[in-house]
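Please open the structure in your viewer and keep the selection tool at hand.

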Amino acid sequence: MNEVSLMMILDQLDEGVHVVDLEGNTIYYNRAMGRIEGLDPKDVLGQSLLRNFPSLSKETSTLWYVLQTRNPLVQVSQTYLNPRGEKITSVNNTYPLYVQGEFVGAFEVTRDLSRVARLTEQVVQLQSELHPPLRNQAKKKSSFYSFDDIVTQSESMLVLLAKAKRAANTGISVLITGETGTGKEMVAQSIHTYSSRADGPFIAQNCAALPESLLEGILFGTVRGSFTGAVDRPGLFEQAQGGTLLLDEIDSMGLNLQAKLLRVLQEGRIRRLGDLREKEIDVRILATTNKPTEESIRQGLIRTDLYYRINVLETALPPLRERKEDIELLIQHFLRQMADKHQRSVPTLNFDVLLTLKNHDWPGNVRELAHVIEAGVVMAEQEFGVNELPNYLQAKAPTLKRRKGKEKKSTLTLQECLRELEERMIRVALEKTEGNLTKASEQLGISRQLLQYKLRSIDYKKIQGGIK
Ligand SMILES: Nc1ncnc2c1ncn2[C@@H]1O[C@H](COP(=O)(O)OP(=O)(O)OP(=O)(O)O)[C@@H](O)[C@H]1O
Ligand SMILES: [Mg+2]
């Protein structure tokens, strides 16, 4: 098939097709694209993309994004203005274009937003009719996370998870470090469910939440009379028998208690507070810290002997801002997860939102992203746009800032509009009557005095020279 007949076929499609070269110049633009964007393909061909769409920039255009990153964008919506200033909203699939293995440009397939939204509804509906047991299956699954639940494509994460998997069945202790919300508990639970202890208990205790004396009683248990009011109660070591005990924020545990914990790890035995007898325990210990361990050690927050005992395998989860390649994947994951949770259809993601989320630093890491997407899914109709972002992120949306700036200049209040209209009518009447106030007031249907009064409040310069 030659190039001309291929182009004729592409012209018959309902979908818009737009192809640009490496410089962002249009090399193909079909008729449907012209209909969607309100342009004549002849005017677009050979032109620079950004010249035709002045509201877009290299940072905000989906085609430029793909030219720069070579990453495809799938089902991303975009709102922009055509050269006549008309607002276009479309849903695009944008891909890098390779010819014989060489990267030569990018192409975009664009669909009418309303039609895609209708189709999405239908697909969601059909899926729920075809697979009604899906939700029940999810409920039956263990309530703990497994490695399969951890969404990532980051090289450093994948290497780390592979190591954690290998360690899972050995029973060794693992120290998991990472900023808040990076998934430490998820990894801890996954180690548990991947190990031979999966059927045993998994218990997590935050060491920062309690004073040392209380924490000791909780971990080791007490016997009646060991102190006033004490009762016979097993501690968490005993309760986690045959399973896993996760000690969160271990660097907040007092140094004395850390010494006792070290003894438990070395001897495999515990003694309840006030008891003389010792009990054998079979518990795997996992621990977490929010700070890098070198820092905790330098500050004297972790005993080095305990550190070497529990840090058989150190697992340092990178913050989300250092694995930006995960952001898009996690967004898609949470869009589906939250839509399912709230029984809504998955909204289309606006490109400005995607850019804002990719540029954010995520101090709260994956947890913060999950909350942002959940709120967006709950509030969005069909499209998750900038308005559905929390205020602190809306302020960072680059296109919005620009649009707001423009709106300020072009949007007038009703009163301003009426005044402008009045001024214009007065000017026309004065021009027609060559500045004769009596005739002009007759034409305008108002008294001469009123016209004089109005002229006083109008900027005289505008009509200067026209009044007699
Ligand atoms: N890679 C991931 N894939 C999917 N969900 C994730 C991922 N990482 C984290 N999450 C989700 O983010 C939330 C926070 O994760 P988690 O509780 O494991 O973090 P954490 O590091 O223990 O945080 P904190 O230090 O505040 O206790 C959870 O809801 C978890 O399901
Ligand atoms: Mg945690």
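This is a predicted model: local features need pLDDT of at least 70, side-chain atom pairs count only at pLDDT 80 or more; totals for chains, interfaces and linings use all residues.

**Stop 1**

Select strands S7, S10, S13, S6 and S14. In that order they form an open sheet of five strands, with parallel pairing. Which strands stand at the edges? They are S7 (202-206) and S14 (313-316); each has a single partner strand, so one side of each is left without a neighbour in the sheet. Direction ignored, neighbouring strands of this sheet are turned by 20° against each other on average.

**Stop 2: one pair of strands**

Keep S10 (residues 244-248) and S13 (residues 284-289) on display. These two strands pair in the parallel sense over four bridges. To view one bridge, select leucine 246 together with its partner in S13, leucine 286. In general, strands of a sheet pair through backbone hydrogen bonds, either parallel or antiparallel.

**Stop 3: helix H12**

Next, select residues 255-267, which make up helix H12. From its first C-alpha to its last, this helix of 13 residues reaches 19 Å, close to the 18 Å expected at 1.5 Å a residue.

Which residues of H12 are buried? Colour Leu257, Gln258, Ala259, Leu261, Leu262, Val264 and Leu265 to see them. As background, an α-helix has 3.6 residues a turn, so residues three or four places apart point the same way.

Move on to glycine 268, which follows H12; its phi is positive, near 70°.

**Stop 4: two residues with positive phi**

Select arginine 70, in the loop between helix H5 (62-69) and strand S3 (73-81). Although arginine 70 is not a glycine, its phi is positive, at about 60°. Its relative accessibility is 43%, and arginine 70 therefore counts as partly exposed.

Finally, select asparagine 365, located in helix H17 (residues 365-379). Asparagine 365 is likewise not a glycine, and it has a positive phi of about 55°. Is this residue buried or exposed? Asparagine 365 counts as buried, because its relative accessibility is 0%.

Conventions:
Residues are numbered from 1 along each chain as its sequence is written. Chains are lettered from A and ligands numbered from 1 in the order in which they are written. Side-chain values use heavy atoms; hydrogens and water are left out. Two strands pair if DSSP finds at least two bridges between them. Axes are lines fitted to C-alpha atoms, for helices over the stretch in contact, and angles run from 0 to 180 degrees between N-to-C directions. The expected span of a helix is 1.5 Å times one less than its number of residues. Buried means under 20% relative accessible area, exposed over 50%, partly exposed in between (1.4 Å probe, protein chains only).
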